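This report looks at one protein chain, beginning with a few single residues and ending with the chain as a whole. Please keep the sequence and the 3D view at hand while reading.

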Amino acid sequence: MVLIKATKDSEAGVMPEEKLLNDMGKYNEELVKAGVMLAGEGLQPSSKGRRVRFSGTKRSVIDGPFTETKELIAGFWLWQVKSEEEAIEWLKRAPFDGGEEVELRQVFEIEEFGDAATPELRAQEARSRAQFERTHH
């Protein structure tokens, strides 16, 4: 997963210029054609967001904006690659040039949960993935 960090501009709702949108569209097309991109979206500023805090049985909703800009996400890609090195090579080609900070994180596979992923949970995961595939493709 590629996480694009928020900036003062993205949090202020400043939209990217046409050139960046065009360049990003071409880059996304390359990712799709290579079978790398599973999903990708830009996110609205945190002023339009909400957080839900869980404390025991209590649930509280906190309205944005959220002030920790350096910890906020402005967008993401979900990629399927063979290695971290491949992801980094793709990421180096991204059309960013304004000091953006981008974080790369690996998504867990069910096998990585070890004994906690019981056969029943693995079967449930497989059913959920199959149902998702049927309804979204």
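Pro65 lies in the loop that runs between β4 (58-63) and β5. The model is a predicted one. The peptide bond that leads from Gly64 into Pro65 is cis, and its omega is near 10°. Is Pro65 buried or exposed? Its relative accessible area is 56%, and a residue counts as exposed when this value is over 50%, so Pro65 is exposed. Apart from residues up to four places away in sequence, Pro65 touches Ser46 and Ser47.

Asp63 belongs to strand β4. Leaving out residues up to four places away in sequence, Asp63 touches Gly49 and Arg50.

With residues up to four places away in sequence not counted, Glu112 touches Gln106 and Val107.

Val14 is also a loop residue, placed between α1 (8-11) and α2. Val14 has a relative accessibility of 46% and counts as partly exposed.

The table lists one pair for each, with the distance taken between C-alpha atoms.

| Pair | Apart along the chain | C-alpha distance |
|---|---|---|
| Pro65 and Gly25 | 40 residues | 28 Å |
| Glu112 and Leu72 | 40 residues | 27 Å |
| Val14 and Pro45 | 31 residues | 9.3 Å |
| Asp63 and Arg51 | 12 residues | 6.6 Å |

The next topic is the interior. In soluble globular proteins, nonpolar side chains tend to be buried together. Which residues make up the largest nonpolar core of this chain? There are 12 of them: Val2, Ile4, Met24, Tyr27, Leu31, Val36, Trp77, Trp79, Ala87, Trp90, Leu91 and Ala94. Two or more residues of this core come from each of β1 (2-5), α2 (18-33), β5 (73-79) and α3 (84-92).

Trp79 is one of the core residues. Which residues are in contact with Trp79, once its neighbours within four places in sequence are set aside? They are Val2, Tyr27, Leu31, Val36, Met37, Leu38, Ala87, Trp90 and Leu91.

The remaining points concern the whole chain. Its secondary structure consists of four helices and six strands. In sequence order, these elements give the pattern β-α-α-β-β-β-β-α-β-α. The radius of gyration is 18 Å, while the globule rule gives 14 Å for 137 residues; the value for this chain is well over that figure, so the chain is more spread out than a compact globule. The C-alpha trace spans about 50 × 45 × 30 Å along its principal axes.

Of the 137 residues, 19% are buried. The accessible surface of the chain is about 10700 Å², and carbon and sulfur atoms account for 52% of this area.

Contacts can also be sorted by how far apart the partners are in sequence. Among contacts between residues at least 6 apart in sequence, 67% join residues at least 24 apart.

Charge is the last topic. The chain has 20 positive and 26 negative charges. The mean position of the positive charges and that of the negative charges are 5 Å apart.

How values were computed:
Residues are numbered from 1 along each chain as its sequence is written. This is a predicted model: local features need pLDDT of at least 70, side-chain atom pairs count only at pLDDT 80 or more; totals for chains, interfaces and linings use all residues. Side-chain values use heavy atoms; hydrogens and water are left out. The radius of gyration is taken over C-alpha atoms; the globule rule is 2.2 Å times the number of residues to the power 0.38. Buried means under 20% relative accessible area, exposed over 50%, partly exposed in between (1.4 Å probe, protein chains only). Contact means heavy atoms within 4.5 Å. Accessible areas come from the Shrake-Rupley method with a 1.4 Å probe; for residues, only the protein chains shown count as cover. Lys and Arg count as positive and Asp and Glu as negative; His and the chain ends are not counted. The place of a charge is taken as NZ of Lys, CZ of Arg, CG of Asp or CD of Glu. A nonpolar core is a set of buried Ala, Val, Leu, Ile, Met, Phe, Trp, Tyr and Cys residues joined through side-chain atoms within 4.5 Å.
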